[in-house]
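Subject: Structure for you to look at

Hello,

Here is the structure I promised to pass on. Please open it next to this email and follow along.

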Amino acid sequence: MYNYRITEQVIRRPKALSGFLKKVMVFFAVVFLLLGIMISQGFMLPGFLLVVLYFFYSILSQREYEYVLEGQTLTIDVILGRRYRRRAHVLELNTMEATAPSRHEAVAMYRKDTGMVSLPKFDYTSYEKDTPFYTMIVMENKQKIKLLLDLSEEMLQALKKSYPDRVFLT
């Protein structure tokens with residue numbers, strides 16, 4: 001139908017206390033390591049474990065999402081710690097039921113608070129207050145799923161052009 005490739009990168013905002021938690025982990029790791037050097041080597045193990053915990057927490061707390069719309073396929077990748085990429089979804093958009101803002105009546109039956117149908121939900125939004133997010137209902141592996149996405153205007157217009165009866169912008 002249409003031949004294009006649109007890529008969008010969404011960076012998830014860190015949680016409120018994650019910076020404070022990282023500083024506390026570093027502080028206690030340094031304290032335990034210094035106690036291990038000065039008093040007893042028994043304090044070294046908790047210090048090293050806190051360093052390992054800090055490493056894994058710093059990787060897992062930084063999330064980015066990459067949406068690639070290519071023709072009739074939407075691919076969603078999750079990037080952890082700006083280094084590790086894994087493919088989360090490869091969706092054929094011809095099985096899409098609806099894409100609409102989160103409070104639109106086209107996706108009202110799938111809402112958590114007032115909806116009648118419960119679907120597996122995957123949240124790939126940035127958690128920014130001023131960025132509107134869209135709900136996409138689509139089939140994946142013979143199961144209907146609900147995706148929450150921060151779609152750019154360019155990607156929305158491309159979806160609307162390809163699927164005018166299934167994409168609702170307002």
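Leaving aside neighbours within four places in sequence, which residues is Leu147 in contact with? They are Ile76, His89, Leu91, Phe122, Tyr124, Tyr134, Thr135, Met136 and Val138. Contact here means heavy atoms within 4.5 Å.

Two notes before the rest. This is a predicted model, in which local features need pLDDT of at least 70 and side-chain atom pairs count only at pLDDT 80 or more, while totals for chains, interfaces and linings use all residues. Residues are numbered from 1 along each chain as its sequence is written, and side-chain values use heavy atoms, with hydrogens and water left out.

**The cores**

Leu147 also belongs to the largest nonpolar core, which has 28 residues. A nonpolar core is a set of buried Ala, Val, Leu, Ile, Met, Phe, Trp, Tyr and Cys residues joined through side-chain atoms within 4.5 Å. Buried means under 20% relative accessible area, exposed means over 50%, and partly exposed is in between (1.4 Å probe, protein chains only). Tyr67, Leu69, Leu74, Met136, Leu147 and Leu149 touch the most other members. Elements that give two or more residues to this core include strand S2 (63-70), strand S7 (134-140), strand S8 (143-149) and helix H3 (153-162). Helices (H or I, at least four residues) and strands (E, at least two) are DSSP runs, numbered from the N terminus.

There is a second, separate core of six residues. Among them are Ala98, Ala100, Tyr110 and Leu119. Leu119 sits in the loop between strand S5 (98-101) and S6. Its relative accessible area is 19%, so Leu119 counts as buried. Beyond four places in sequence, Leu119 touches Tyr110, Ile137, Lys144, Ile145 and Lys146. Thr131 is twelve residues from Leu119 along the chain, and their C-alpha atoms are separated by 24 Å.

**Salt bridges**

How many salt bridges does the structure hold? It holds seven. A salt bridge is a side-chain nitrogen of Lys or Arg within 4 Å of a carboxyl oxygen of Asp or Glu.

One of them joins Asp123 and Arg12, with the closest N and O atoms 3.7 Å apart. This pair links distant parts of the chain, 111 residues apart. Asp123 is in strand S6 (residues 121-124). Arg12 is in the loop between S1 and H1. Arg12 is buried, at 17% relative accessible area.

Now look at Glu66 and Arg85. Their side chains meet in a salt bridge at 2.7 Å, N to O. Glu66 lies in strand S2 and Arg85 in strand S4, so the pair ties together parts 19 residues apart in sequence. Arg85 also meets Asp77 in a salt bridge, at 3.0 Å, N to O. Glu66 is buried at 14%, and Asp77 is buried at 3%. Arg85 is partly exposed at 46%. Glu66, Asp77, Arg85 and Arg87 are linked in a network of salt bridges.

Which side chain of opposite charge is nearest to Lys22? Glu64 is, 11 Å away. Lys22 is buried yet has no salt bridge. (Lys and Arg count as positive and Asp and Glu as negative; His and the chain ends are not counted.) Lys22 is in helix H1. Beyond four places in sequence, Lys22 touches Tyr54, Tyr57, Ser58, Ser61 and Gln62.

**The loop between S3 and S4**

Gly81 lies in the loop between strand S3 (73-80) and strand S4 (84-92). Gly81 is buried, at 8% relative accessible area. Not counting residues up to four places away in sequence, Gly81 touches Ile59 and Gln62. Arg82 is in the loop between S3 and S4 too. Arg82 is exposed, at 61%.

Most residues other than glycine have a negative phi. Arg82 is not a glycine, yet has a positive phi of about 60°. Tyr127 also has a positive phi, near 65°. Tyr127 is in the loop between S6 and S7 and is partly exposed, at 37% relative accessibility.

Best wishes
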